[in-house]
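Here is a briefing on one protein chain.

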Amino acid sequence: MGMWCSAAVFQDSPVYLIPGMRVICDWLSCHPRRTLLTVLLILIPLLSYFAIYDFEIHSDVRRGFAQRGGRSIAEFQKFADFYNISCAGLEIWVVLVTQKRSTGERYMNMSMELLKEVERLDEFVRNTSTTFKGEVVHFSDLHKRDINYLFHWYKQAYLWSDFFADINLTFPIGEAMGHKFFIGSHFFGVNRHQESERGPIEQMEFVTLWYMSQVESFKEQQRLQALEMKLFELSRADNFSELISFDMYGDQVANAEMLRGTFHTVKLFALGVVLMIIFMAIAFRHISLKSQPILILGAVGSPAIATATTFAILGWLDFPFNSIMCITPFLVMGIGVDDAFLLLHSWRSHGNLPAKERMYMVIHQIGPSMAITSATNTLAFGIGITSPTPQMSGFCLCTSVAILFDFIFEFAIFGPLMVLFYDEREEKPRGVNNTISWESYTKVILSPFGKFIVVIATVAIYVSAFIGVSRMKPSFDPSKTFPSDSDLMLSLRKFERVQSEYSPVNFISLLPSLMDPLEKASFFEMIGRLEHSESCYGPERTQLMLRRFLEWGESQNITSLDYQYIPKFLADRQIKDKAVIQYRTNNGTVDDVWMNYIVICRGELDWNKRAMKIDKIRKIIDDYPQFQTSLFDYDSTIYDLIITVKDELTKAVAITFACMTVACAFMIPSISGASVATLSMLSISFSLLGFLSLWGQNLDPVTMINVLMAIGFSVDFSAHVCYHYHISLSESVLLNDVERMTKILQAVGKPIIEASLSTLICMIPLFFVPVYIIVAFAKTVCLVALLGLLHGIVIIPVCLTFFPKKRKPPFTRTPAHLEEQKESMLT
């Protein structure tokens, strides 16, 4: 009977259709040592990467989360071309000067002594040097352009203001020698002690110094990071001056802090593995003490080796590692240990068969559902490779490959270990209590009252999820990438106060012909719309050199002003070398004049509102194509992400869901089983999105990857139940709903519970990593584990009972034969 069953049911399995699967089963069961040796010989050359090369992690809070192909990329390039610098590696960072922290005071009083001390700090920054890997790094090696000239102008004007009547340093527009200058880019929180900030600066909260660096290669980024980290550490030590303190905020400091969060995550991964081993020791208590350590090592080692192999292959291919990839071991470990539970449970349940037949039955029972879950997880993360952000795309590629390797190693490593070392303790006969408990459970949930409770609970979950989804808003900011306990957060909060009153948007435009009144009017119409757009200050604070040029022409009594006077104007204003205006000279004639001008707006702390504001501004300049205007905002790469994340999420989810549906239909050749598995994916994904929102997560690239991951992971729970339901329909034709579901849960119920618990245990340490992205992934995996468990052993069993069953007993079997089969299936 056992031999007949294995041959018959194996032919119904999709795994049986894979060419050579029988040969693979024979090889695994008959040659386990050779299999392990072959795997070892293949892995040694691959893993030698870690012995030959350093494992370097690339962290980039700005470009790593920038949208590939976004409009901001072209805007950055045009800005770089205007200033004749490279777009790659352009970084702007800031030093914020404040009152000495030890005084407890918030505001500084304006004085020459203060300005000299700020100037001394600027000189100190410019002369800073440090060492990196034995090399000396100087500020001048990486510095590109001086953008603090207005501060130095203000300091000189302040020095001479008592001697010259034509020097007027009224905030925010100062005037000297007939020229007006905007001084609001360096002084913030001005004159808060009086009703209006206008007038001479008496008090201020911050003085800012801005720096522009150029770091095109990863090595140069590391050199700049070493330099910025030295300044950051000096700022925290607060021993530069007795008069002032300073903070700093730069991308490279954020990158270093993100890397610190990564190392913290790696340490906690070790704790997660220890917790999982303890749990597995409890779950494997039926295995002898001699066999238990080896099988636990194999269950944990297979996904660990899969991850290491993936990292090694990516390393050999010179693919950059990023900090988000530190989550990959957690995810692959959870999936791999889940598969180990299923394999061990199936191996144990067929202990009366010889090794070869036993392996056949394990592959038949567990192989298809493992193949489904591995294929769908690989596919889900494979689709995630198309994520618009490089860091998320790299993470998805790494995880997708690692899951595929884990599927292979579960059979190539853990399978042979089962054959060689599985040995149970001496104990009483198994199965009776387990059968009774699952039978009692199924009777309760499949009773009319039980079904009613399940339906009500499901509706409550959907209502809660709908509330959460309706509240979710697109948002993202760089602080989500580094630890919330970082001292950098203190600098960021201060910088946000600066941004709340100073959020400049640069524009680069081809200037209109001054001889064409209509073109000139059209240009100033565009400027007016920009200046009066949402939260902008208006014309007073706009730094538009064309206005100054026209005013200068009037003061010089030039009746026919044209761009031939541009060189003289710049020389008179002493900004000829500041590259505010770019032009070409052909045979002494100035033409093709481009200008960089700045519209000053009030900043929004809500990044979604900021992104929407930039989107509206882009639409304004698009209405005037003749001026070829391009904006530049240093955060526009993040804004692109926020603007498009909803559409990207919808597209990615639709593609992933369609692929998962096709995969389920192929792997589960049953309309009812495939339909329930597909609806289960949709249910879990929707519920996850809603509960993530209720748990404080916004719609961002992290959420997009989380949802794709959830679609893949949700199949793990539904596939096992639905596939066994399909097999049960073809094998156990005389069972009623309670008997059929009892048989299914006997096969997969306990492994599903153990897999969910092991996943939760592995993820718990991640909640102690103070990084939004890491915690977001932990929340996702835990919610998917809980929702998947709920669907797998509660909702799906109830749903499957609503599908009609076709009972067509094989006519070649006698009633006695069928009764015998029914009893064997129940036991």
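R126 and D122 pair through their side chains in a salt bridge, at 3.2 Å from N to O. The model is predicted. By the rule used, the count comes to 35 salt bridges. The structure also holds one disulfide.

- R120 and E117 both lie in helix 6 (residues 112-126), three residues apart, about one turn of the helix.
- R120 is partly exposed, because its relative accessibility is 38%.
- E117 counts as buried, at 15% relative accessibility.

**Salt bridges elsewhere**
- D485 and R260 form a salt bridge, their closest N and O atoms being 3.4 Å apart.
- This pair links distant parts of the chain, 225 residues apart: D485 is in the loop between helix 16 and helix 17 (488-501), and R260 is in helix 10 (residues 251-283).
- R260 has a relative accessible area of 36%, so R260 is partly exposed.
- A network of salt bridges links K100, R101, R236, D238, D247 and K494.

**Cysteines**
- The disulfide joins C536 and C601, with sulfur atoms 2.2 Å apart.
- The link of C536 and C601 is right-handed, with 50 degrees about the S-S bond.
- C536 lies in the loop between helix 18 (517-531) and helix 19 (545-555), and C601 lies in strand 18 (residues 589-601), so the pair ties together parts 65 residues apart in sequence.
- C536 and C601 are both buried.
- C396 is in no disulfide; the nearest cysteine sulfur belongs to C398, 9.9 Å away.
- C396 is buried, at 1% relative accessibility.
- C30 is partly exposed, at 42% relative accessibility.

**Domains**
- The domain assignment gives domain 1 (14-54 + 286-424), domain 2 (89-256), domain 3 (444-473 + 668-804) and domain 4 (495-637).
- The centres of domain 1 and domain 4, taken over C-alpha atoms, are 59 Å apart.

**Nonpolar surface patch**
- V455, V459, Y462, V463, F466, I467, F686 and L694 make a nonpolar surface patch of about 670 Å².
- Helix 16 (448-471) and helix 23 (671-694) are the elements that give two or more residues to the patch.
- Helix 16 gives the most, with six residues.
- Y462 lies in helix 16 and counts as partly exposed, at 32% relative accessibility.

Methods
Residues numbered from 1 in each chain as written. Predicted model: local features only at pLDDT ≥ 70, side-chain atom pairs only at ≥ 80, totals over all residues. Heavy atoms only, no water. Disulfide = S-S within 2.5 Å. Helix = DSSP H or I, 4+ residues; strand = E, 2+ residues; numbered from the N terminus. Buried < 20%, exposed > 50% of the residue type's maximum accessible area, 1.4 Å probe, protein only. Domains from an automatic or database assignment. Patch = residues over 30% accessible without salt bridge, like charges linked within 9 Å, V, L, I, M, F, W, Y side chains within 5 Å. Areas by Shrake-Rupley, 256 points an atom, 1.4 Å probe, with all protein chains shown as cover. Salt bridge = Lys/Arg side-chain N within 4 Å of Asp/Glu carboxyl O.
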